[in-house]
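The sequence and the model are shown first.

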Amino acid sequence: MTTPAQTTPQALRQVAATHPHEPALIDGAIRMDWTELLDQVRIASRALIARGISPGDRVAMWAPNTYHWVIAALAAHSAGAALVPLNTRYMAAEAVDVLARVDAKALFVAGPFLGRDRAAELAASAPDLGIATIIVIPVAETAAGDSGDRPAAGTSTDPATLTWDQLLEQAATVSAAAGEERAEQVSPDDISDILFTSGTTGRSKGTLVAHRQALGVVRGWVDCSTLRAGDRYLMIPPFFHNFGYKAGILACLVTGATIVPQATFDVPAALALIESEQITVLTGPPTIYQTILSHPQRAERDLTSLRVAVTGAATVPVVLIERMRDDLAFEVVITAYGLSETAGFGTMCRPEDDAATIANTCGRPIADFELRLSDAGEVLLRGPNVMLGYLDDPEATAEAIDADGWLHTGDIGIVDERGYLKITDRLKDMYITGGFNVYPAEIEQTLARLDGVAESAVFGVPDERMGEVGKAVVVRKAGSTLTADEVIAFAASKLANFKVPRVVEFRDQLPYSAAGKVLKRELREEKS
């Protein structure tokens, strides 16, 4: 039996040897088997080496999900560099801040896409950025998820800025043997990636994760999700997030499943891809499945190929899990929990769990994690896959990881007799009303049962008498005439009085992060 690879360059070579002619990557007209993907990665890696990328350097990615992202990420690893994915929602100033902090030596950045030209924004915001190599990735905005290639508009005269094709041409100056030698030198303990936290409580922090850790958590995720060779995996979660990068690209790397990226979530395009490409695996936040279930074109498409769904959030209604199993006919529906500080993963449900368990818990630890709760109910995780630390921030690292190796997650939870974790809320989301602790996730779960509620977000707002009271921002289902009084009355029939929201506001949609989390900070900071 082959020993599992401990670096992504070796994992790529293993899967190419095991499944040489199985489909590895499908992105519109671009189709590659594992042998072809390995060839493209080798070329791109040699090109990066030709551009001066050395072991331990940082290569950044600021682009949506396309085949270029997959090749560039694996090529950066093969060249010995650490990958630094940037949130595609960053404004130029935020991107410049991260690029400076990691001292990026190369940057892959999207050309014009969805009304923004990030390469132009960077050039205008930081003309003296000092990155030696900037590669502009072409991103086509076409129907049905077709990300067919096209040249980037306006080739720059700046010698540091290259098109994708211009980069690949430079591989000719580095021998294949030199490229392979560099890939073989990558160590399991080398940094594979630096993902930045969302920064909801202050400046974002870079989490340092080694190759062995990235692959370790991914194999734990694969065991629970049942991903396997022959699966076709539609990747809607953004690659800059662990859900898209590790539970997506790397999960396929260790199984031989097929990567099918979608640059931006579009329901008709996703439905068309599921039918045309016989997609078996679909992951993402609950909103992905809710929008598919409610879309009028769902009945027009053949979705019977779907097999596996993995989701996760503070609130996953039981009824959603039931509909995913009954209406979308998923064989496997599971929820998971993790954070960047644990290389993206921590606990997962198991395929055999019932709908209530899947909706109301995040499952048991995976990937050799240990789980316990502090006296205050904070979720603590320990194990070989806890991050190595925060980038250039030993004080924050020591604050997050105690002397016994336990990571303090900032989440509040409970653990049942089976060892299953239920996240009740974030420490920072809890509010106190009349001396009682209130956890919004419990209220949101309750409101999800009210007919007419599509989504809700609950948080505390100041109150002279009670200190804080609950406010619920509710998105109605299409056609619903639900009123604030009806929402409050329903909550009062199900919850203790101190948990009942005192204020209800209706909106057409909630603000979400690219990772699918409701941005409660935005809701709190808005003037009522």
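Predicted model: local features only at pLDDT ≥ 70, side-chain atom pairs only at ≥ 80, totals over all residues.

Residues are numbered from 1 along each chain as its sequence is written, and side-chain values use heavy atoms, with hydrogens and water left out.

## Aromatic rings

A pair of aromatic rings is described by the distance of the centres and the angle of the planes. Rings of Phe, Tyr and Trp (its six-membered ring) pair if their centres lie within 6.5 Å; planes under 30 degrees apart count as stacked, over 60 as edge-to-face and the rest as tilted. By this rule the count comes to 5 aromatic pairs. One of them is the tilted pair of Trp69 and Tyr245, with 6.3 Å centre to centre and 50 degrees between the planes. This pair links distant parts of the chain, 176 residues apart: Trp69 is in helix H3 (residues 67-78) and Tyr245 in helix H9 (residues 242-253). Helices (H or I, at least four residues) and strands (E, at least two) are DSSP runs, numbered from the N terminus. Trp69 and Tyr245 are both buried, where buried means under 20% relative accessible area, exposed over 50% and partly exposed in between (1.4 Å probe, protein chains only). Together with Phe239, Trp69 and Tyr245 form one aromatic cluster.

Tyr289 and Phe330 form an edge-to-face pair, with 6.1 Å centre to centre and 85 degrees between the planes. Tyr289 belongs to helix H11 (residues 286-294), while Phe330 is in the loop between helix H12 (318-326) and strand S14 (332-337), 41 residues apart. Tyr289 is buried at a relative accessible area of 0%, and Phe330 is buried at 4%.

A charge sits over a ring if NZ of Lys or CZ of Arg is within 6 Å of the ring centre and within 35 degrees of the ring normal. Two cases are tabulated.

| Charged end | Ring | Distance from ring centre |
|---|---|---|
| Arg372 | Trp406 | 4.9 Å |
| Arg418 | Tyr420 | 4.2 Å |

## Packing of H2 and H3

Helix H2 (residues 34-50) packs against H3 at an angle of about 60 degrees, with the axes 8 Å apart. Axes are lines fitted to C-alpha atoms, for helices over the stretch in contact, and angles run from 0 to 180 degrees between N-to-C directions. The angle makes H2 oblique to H3; angles under 35 degrees count as roughly parallel, over 145 as roughly antiparallel, 65 to 115 as roughly perpendicular and the rest as oblique. On the H2 side, Leu37, Gln40, Val41, Ala44, Ser45 and Leu48 meet Ile71, Leu74, Ala75, Ala76 and Ser78 of H3, contact meaning heavy atoms within 4.5 Å.

Ser225 is found in helix H8 (residues 211-225) and is buried, with a relative accessible area of 1%. Leaving aside neighbours within four places in sequence, Ser225 is in contact with Val308, Val310, Val332, Ile334 and Met348.

In helix H15 (residues 440-447), 7 of the 8 residues are buried, so H15 is largely enclosed by the rest of the structure. Among the buried residues are Pro440, Ile443 and Glu444. Leu447, also in H15, counts as buried at 0% relative accessibility. Beyond neighbours within four places in sequence, the contacts of Leu447 include Val453, Val458, Phe490 and Ala491. From Trp69, Leu447 is 378 residues away in sequence and 39 Å away in space, C-alpha to C-alpha.
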